[in-house]
Structures are given as structure tokens and as C-alpha cells.
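Morning, everyone. I'll take you through a few local features of one chain. Have a look at it first.

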Amino acid sequence: MVEILAPAGNMEKMKTAFKFGADACYLAGKKFGLRAFSDNFTLEELKEAVEFAHGINKRVFVTINIVAHNSDFDGLEDYLKYLNEIGVDGIIVSDIGIMNIAKNVAKDLELHMSTQANITNKYIAKFYCDMGAKRLVLARELSLQEIKEIRDFIPSDVELEVFVHGAMCISYSGRCLLSNYLSGRDSNRGACIQACRFEYSICEKSRDGEHYGIEEDERGTYILNSKDLCMIEHLKELIDVGVNSFKIEGRMKSPFYVATVVNSYRRAVDDIVNERPFNNLYLEELEKVSHRRYTTGFFFGAKDKEYLESSMPIQTSEFMAIVKEDTCDGFVCVEQRNRFKVGDELEVLSPDETFNKKIKIDCMKDEKGDEVLDASLVQQLLYIKTDLNLKKGDILRR
């Protein structure tokens, strides 16, 4: 069945993704990936991540998808050999030079072509298959019909992966120079400052120095932003055209974001498998995390203007605490993430039967057993009275 592939910016996010239903995670080491500002993984952590994933029958893919310059190849061979040695399930690459080196020094690593490789037609797709790619991460600009044509043109044992959810780059297949121009930080080598998210104004040529805001709503104008992709209502259509992996964007997002989005997509895919109708609850869930307004992107041939956003992120829920130990003797141990008080009502985010259940905070204690009325200390461990059977890793939100 189709794979749910989740982002993992660090170990906590990876374990969260797996708990909430991801089949695989993609992540990066400290070099060669396109999210240099994410925590990412040391060599030791990469080994730990692979061992953890394989221990629960999950997979780990490592990104090496920078647009490489000569200096970027320093140490690459040793890094690839190490990934091969620790049993990484595949690497995500965009550069043919990197791909060729990997084929020679790390023969057990599956080669996945990144969306940065700009696969927009069946002929380049077939070329990468002939080069040894086992999976193609298709360009975000493709329609369902184009995906089907690629699927029918390439070998059946080569998998297709598409982005189904998350923030989208305004530039074609993520290849942007705006960050480089404004800050000298190369977005194609992992250091994007997300300049497209800035607020801009215009200056009329004959009025030097007079800047005017481009007012579109009360929160300003963000003319380079894209909306966030959301295909949760159309997963069956993607399966029908031959997609093998649903990719969620967000290695720099919070564990709360990862848990909420993965949980929704896991439940939606399971409903498809069991021939149940789509549940609108999943859309409501996706409104609870920080996002821009949603779009289906180019899958249905939408015009570019439908893809653009003009306001700041929104969300309807807040991450309040994470469960550190299973419920025991009527209390559950949680780690505070945002302030809450006795009398508040919190909602459970869980892959289990407690999903969306409510907890009224009637009694709360600290580690010494003293009563706490206001959970105002950052990451304080607290014991909350509850009759719900909560599990380690469940999340409380409001």
C-alpha cells in the first residue's frame, strides 16, 4: 500500500512521526541537505535513527539534495560509505554527480531523485530510471494526468513520490535565487532564509525613496508566498494514477505539527484501504496547526494565481503539553509546552482511541507532589489527574 513519508528535523520529530503513523521518515545529516537551519542529525544520531526505525519496521531516507559546487564534494565519499554501512534505506539526491559517486561507493543505498531534480516529463523520468534511480520525487508542478503518463512510461518497479502537504516554494521545483541575492545564503545548498515570506512594498521610479505598501488585507501583503499544499481529500486519485509515496513537508516544523498532520493522513489512508468515506474531521485537524490557506497546487491544472497567498499563517489550536509516561494510578505525567491552568480543558491528540477526547484540568501536581494551579514554568514536569488511558508521546492541545 502507499507509504506515508514524514519530515524529521531531529530525533524527537522522527519518533513523533513514527508514533502517529508514518511508514518512513526523511532527514538529513549536518551536511549536504537543503535544511541547514534544522537541527538535523550527527553521524551517531543517524545510526541511532536507523536502528530505531528498523526496530519498529520503518524506513529512513537521508537527503543529499543540495545543488552541489566543487567544494561540496569534500568528504562526500566517506559520508556515503557511512550511510551505506549503517543501513540507511535510501538517499534523496538531485545532482547526477553525487548520484554517480553513490553508485560507485555505496551500492546498497537506494537512489531517490529529489524534487530539486525537476522531473516534469516522462523522458527525464525514464533517464533517471536508466541511471539506477529506484524512486522519483516528482516536480510539484505536475498534474494528475502528467503523473499517470510518467507512471505508464517508466518501469513498474520504480516508485513515484509526490508532496501532498505543507509549505511550498514559490520558485519552480524549489530552485530559488532570492535568498542568495538578499543575504548571500544559498537556498540551493541548504541555507534559505525564506525571503519569499517577507513583507514587501513598491517604489515608483520617479519618486526615489518613497515606498508604498501593497495593501491586500489587514495583515499586509506577501506577494511571493504560496499557499500551503493539502491533498488529503484527493489521496485516492493520487493512488489511482500510480503514486507510491505521500510526502509531507516540514523538517523545521514543531513536533505538534508533525503529529497532527501525520495522524490525519494516516487515518485518511487507512479509511481508503478499508473503503470508508472521507471524514471531514481530518480537514478540521489540519486547521489546528500553523499553516497558510490550503491549495491543491497544480494537481488539477490550477492557475498560478490560485497558488498564491496574501496573508500570515493561521491555526486554531495550540500545543500545550506532551505525555512523558503512560497514565498510571489515575495520573498522567506531562511536559508543559505552553501555559495552562487548573480549570482549563485540553484536547488529546493521539493515534489511539483517546484521539480528540477532552481532559478537564481539575488536579495538577509537580514532581514533589505539591499542588500546582498554574503551569507557567517552561517544560515543567506535571502530573494531571485523568481517567483517560493516555500513552507516552500523546499530545495535549487547546
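Start in the sheet, with M113: its bridge partner in β6 is L136. Helices (H or I, at least four residues) and strands (E, at least two) are DSSP runs here, numbered from the N terminus. A word on the source: this is a predicted model, where local features need pLDDT of at least 70, side-chain atom pairs count only at pLDDT 80 or more, and totals for chains, interfaces and linings use all residues. Residues are numbered from 1 along each chain as its sequence is written, and side-chain values use heavy atoms, with hydrogens and water left out.

Back to the strands. β5 pairs with β6 (residues 135-137) in the parallel sense, over two bridges. Pairing asks for at least two DSSP bridges between the strands. From β5 the chain passes through helix α5 (residues 122-130) to β6, a right-handed β-α-β crossover. Right-handed means this: with the strands pointing away from the viewer, the path from the first strand over the helix to the second runs clockwise.

What does M113 stand opposite in β4? V93. Strand β4 (residues 90-93) runs parallel to β5 (residues 110-113), joined by four bridges. With helix α4 (residues 96-105) between them in the unit's naming, β4 and β5 make a right-handed β-α-β unit.

Next, D23. This residue sits in the loop between α1 and β2 (24-27). Buried or exposed? D23 is partly exposed, because its relative accessible area is 25%; buried is under 20%, exposed over 50%, partly exposed in between (1.4 Å probe, protein chains only). R59 is 36 residues from D23 in sequence, yet 6.7 Å away in space, C-alpha to C-alpha. Beyond neighbours within four places in sequence, D23 contacts V2, E3, I4, F18, K58, R59 and R266. Contact is heavy atoms within 4.5 Å.

Two asparagines have positive phi. N57, in the loop between α2 (43-55) and β3 (59-64), has phi near 65 degrees. N57 is exposed, at 72% relative accessible area. N356 has phi of about 70 degrees, and lies in the loop between β16 (345-349) and β17 (358-360).

Last, the second largest pocket. A pocket is an open set of points on a 1 Å grid over the protein atoms alone, where a 1.4 Å probe fits, with protein on both sides within 12 Å along at least five of seven lines; lining residues have an atom within 4 Å of a point. Which element gives the most to its lining? α1, with four residues. Among the lining residues are E12, K15, R337 and K392. That's it from me.
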